[in-house]
Amino acid sequence: MSPHYSSSKFSQLILIGLMLIIISISSVSALGSGAIVHQPIYQHSPTEPLIIYTMVESNINIENVRLLFRPTGEVGYVEIYMDLYDDLWRGEIYRSYLAVPELEYFIAATLADGTILTLPEIDAEVAPFQINLSGSGPASVAGGRAQTADGRQFVEGEEILVFSPDPGSIVPYDDIFIAASLYNVEDVDPASIKLLVDNRDVTGSSEISADFVAYAPYSMSPGKHFVQIELNNLAGNPLPGRSWSFKVVKKTREVIEREFSYRGKINGSYSRDPQGEGNYLDIFKTKASFTGDWRWLKFKADVKITSDEDIYKQPKNRFGLSFNVGKNMALNFGDFSSRLSKYTMDGKRIRGFNADLKWGILKLQVVKGELLREVQGRPDADMAYNYNVIEVKDSTGTSLSYRLDRKGYTFKRDIFSSRISFGRGKIFQMGFNYLKAKDDISSVMKNIADARITVDDTTYYSADSLFSAQMPGGIYTYNEFVGLGSSQTGLLVEVVRPDDKNWGGDRPQDNIVIGSDIKINTRDRRLSFEAGWAFSMLNTDIWDGAISKADIDILLDDSTDGFVMRTYDADGNVVDQGIDLAAIPIDPADYEKYFTISQNMIPLVPIDIDSTQLADHLFRAIGRMPSLAYNYKIMANYFDNRVTLEYNRVGPNFNSLGNPYLQSDIREFIVSDRVKLLQNKLFVGATYRRQDNATTRIVSNKMTTNTMTLNVGVYPGADYPTFNFKLSSKSRFNDLAYQDTTGYDSVYVVMGTDTTRDLTGYHLQDRRLDENTPNITFGVNYRVNFMDMSHNLMLNYSKLEKVDQIGDRYEPGSAPYLVDTFNDTTFLDTTFTSSNMVSDVTTISVVTQYTIPLKTTLVLSLNNRTTATEKQGITGVNLNASYDLFGGGLKLNSGFGYTSGAGASEFSRFNIRGGVSYRIMESLFLRTSLDYRGTKSDGENEGAIIMRADLNYSF
């Protein structure tokens, strides 16, 4: 019930609300560099979905923005396409991905011209942002808790498995049994377990143990009922509980099983976004979902239609249909993301078919569909074809030849992946994985009749004489271009159509991956072991198909003699017999439907064929196969310590088109420990990670990265502030000598003189690397009641400093230098830029809930970044407010945001927005917003209006 207050006070509050409406809810405090603007997240509660916001500033249309994330220590990324909302790109990482101590992520934006922007800007895949999730102790997630009936903070826990009734299910009045398993919950105090039904404590009438909770009520009235389990650990601290609801009907089970239940949701939205130079992009979206439940069959249909769909891009419309047949079969059709294994399919969206089938301890998973759809190439000017002009000499003289080539296309990429596994999962599971992905060459057309080709006005000469026949400058269609020679009298030019293959754009590829993995746990899950391996083969160009047996004769040596790798001396005598071609039992051309074997394979030879290597170190030679990936992990949880040992190795030639973001050419060793102290009020975690690229026997430039991290979380209790502290140090170094040669062109000025020397063709460059990057992150979160208002105070501070530890790069009082070994003369190196950098970010936020239904958020942020060449400071202040009317049926949103930049980029930005959220009826909800943003940069002022409207209906 709303509190009582005087009419004068009420009038003042209404005035405050009206004033706030003329301000806008600011976008997320966004700080960053380059064209992607984002405030990194360093700490998050694992009990709530993690939402990442970013802004992309570009004068070129944005094709898509992707969020790529992985648990720290994994080698592959999960990919999520972000949605545009309120001028921000939004990506959500669901709670099921957050059951790890730490998560890494980076953002990638693809522009219409093919440019890819990333944040972090440099080595985004290697050095992503890191989010600490290790504060999963009971007090660390206060911000994500719900209130129980008695006001107790409550956290949803996935470790508690509901047996009966299923959440959201319909149950007959005469067949009610409530049961849940606590088997996966650690350190449960059985005496603390409490079971509540409809906020009534029924613990005394239930069967309770450390592993199981069961309650059989005598009867329950028809309607919706709520079940809640609360529990503590042996130290007396609350553990994540579980709550769910079900519906009781006055019918028998036979009647219920014959009935059909359903629910659905429909959403329509409109957005208008500025695109620069007075242009706007209007996007309409419609989303709908429908879920049905009948007996043992459940199904769900999803659809998303957007006006932004474009046949010349990858699809943005989404269609999905899924079925669950009992607990033994799940089928998906349309668009979905599948995760089979880290080395095959791991979160990549496909359009096709997916089946999960279970028979006892056996499980079969199959995925088949399209990774990429075919794109023929936009027929706009010069988007589908290139042309080159060359001179052709024959018996009649010299003429011009206009030769066309295709571009702007994408082959349809089909994929098939499967996994068969056996085991119960909790104790033992072993799986075998397979992936096949191949581009369909026939999916792209060679001739596009209406494609536009622009011919420039260049005049061509031969031996200082003008060619008598040249193609006039102008814009032609493809048909006009290729028919021009015959359509215009006297124009004797040759027009050559694109070849049937080997076009200048993307090359068609073929990929196959096989592998296996195993998981073993003790019954109490305190000790576990995981391991996996995979082998890949990638053909980067299958235009010419598979080689034949005869082709092998000249593939690995230079002579056609019926032998592979036979060598001869100067007199033609055989030195090494090699392999008799007739002794090879298979012809690669016969197996092209399985994999295209040719000289374009990566790797060409899967294993080091050095005879000494194979004879003396066979196991090592196999382990160093360039297209082999493997890992193992051991985890132990004893005496309040969770210790992890992990090793990952991905060869330089390992490729999986089902997981293209897998980092290759990496060896990684990780050891970590996380300990709970002071009755779960103090959490301490330490991690050591060593990475290098010594994945093969010979490495020309070994790069090593050592990272040490310390995490400390202090959670003294509900009425006290929580603290999170992280200290890390990352060192990167290589084994290169002081001088290294390179082939770039440049002019060096001799120090101490005015002369210049052009050393084109042989230059010296210092490519040594030895840098250390300490990073400290500190956060405080404090909930406090003051002046009858609830405040949540948060402070986050992060400082990162990158230091180049090679001290002799600089001549005292001069620029970076190099030494010419020919005459020992010192020259300026104009290509060298120091990697030294300092960045610190401070964010302060205050969230206030007033005694009236008014909530405000004030955020102050400071970001300073200094490099060897520039300084950049960004300051932001944001005020947001929301006011509820009519019991929450109407919400007024407002706010104001201001951001300014000083240093290398001088700018200021402000935005004002008002919005309304209105519940028209119980199941119909409308949300609208109007946002004005003004920007001043380089002495120019720009303004833009962004509009949003969403209509949601649930049934």
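Reply: What follows starts with the rings and then takes the other topics in turn.

This is a predicted model, where local features need pLDDT of at least 70, side-chain atom pairs count only at pLDDT 80 or more, and totals for chains, interfaces and linings use all residues. Residues are numbered from 1 along each chain as its sequence is written, and side-chain values use heavy atoms, with hydrogens and water left out.

Some terms come first. A pair of aromatic rings is described by the distance of the centres and the angle of the planes. Here, rings of Phe, Tyr and Trp (its six-membered ring) pair if their centres lie within 6.5 Å; planes under 30 degrees apart count as stacked, over 60 as edge-to-face, and the rest as tilted. Helices (H or I, at least four residues) and strands (E, at least two) are DSSP runs, numbered from the N terminus. For accessibility, buried means under 20% relative accessible area, exposed means over 50%, and partly exposed is in between (1.4 Å probe, protein chains only).

There are 27 aromatic pairs in the structure. In one of them, the ring centres of Tyr262 and Phe955 are 6.3 Å apart and the planes are at 50 degrees, so this pair is tilted. It links distant parts of the chain: Tyr262 is in strand β22 (residues 260–276), while Phe955 is in the segment after β65 (940–954), 693 residues apart. Tyr262 has a relative accessible area of 51% and is therefore exposed. Phe955, at 37% relative accessibility, counts as partly exposed. Another tilted pair is Tyr270 with Phe284, because the centres are 4.9 Å apart and the planes stand at 40 degrees. This pair also links distant parts of the chain, with Tyr270 in strand β22 and Phe284 in strand β23 (residues 279–294), 14 residues apart. Tyr270 counts as partly exposed at 22% relative accessibility, and so does Phe284 at 49%.

Tyr262 and Phe955 also belong to a cluster.

Arg272 lies over the face of Tyr280, 4.4 Å from the ring centre. Arg406 takes such a place over Tyr385, at 5.4 Å from the ring centre.

Next comes the sheet. Two strands pair if DSSP finds at least two bridges between them. An open sheet is formed by three strands in the order β29-β30-β37, with mixed pairing. The edges are β29 (385–394) and β37 (494–496), each with a single partner strand, so one side of each has no neighbour in the sheet. On average, neighbouring strands of this sheet are turned by 25 degrees against each other, direction ignored. Strand β30 (residues 397–406) is joined to β37 by three bridges, and the two run parallel.

Now the cores. A nonpolar core is a set of buried Ala, Val, Leu, Ile, Met, Phe, Trp, Tyr and Cys residues joined through side-chain atoms within 4.5 Å. The largest one has 23 residues, of which Leu231, Trp244 and Phe246 touch the most other members. At least two residues of this core come from each of β15 (178–181), β16 (194–197), β19 (212–215), β20 (223–232) and β21 (238–249). Strand β21 gives the largest share, four residues. Apart from this core lies another, of 21 residues, including Trp89, Ala109, Phe129 and Ile131.

Last come some backbone details. Most residues other than glycine have a negative phi, and most peptide bonds are trans. Asp198, in the loop between β16 and β17 (200–201), has a positive phi near 55 degrees. Its relative accessible area is 35%, which means that Asp198 is partly exposed. Asn502, in the loop between β37 and β38 (510–521), has a phi near 55 degrees as well. Asn502 counts as partly exposed, at 33% relative accessibility. A cis peptide bond, with omega about -5 degrees, joins Ile602 and Pro603. Pro603 is in the loop between β44 (601–602) and α6 (611–616).

How values were computed: A charge sits over a ring if NZ of Lys or CZ of Arg is within 6 Å of the ring centre and within 35 degrees of the ring normal. Axes are lines fitted to C-alpha atoms, for helices over the stretch in contact, and angles run from 0 to 180 degrees between N-to-C directions.
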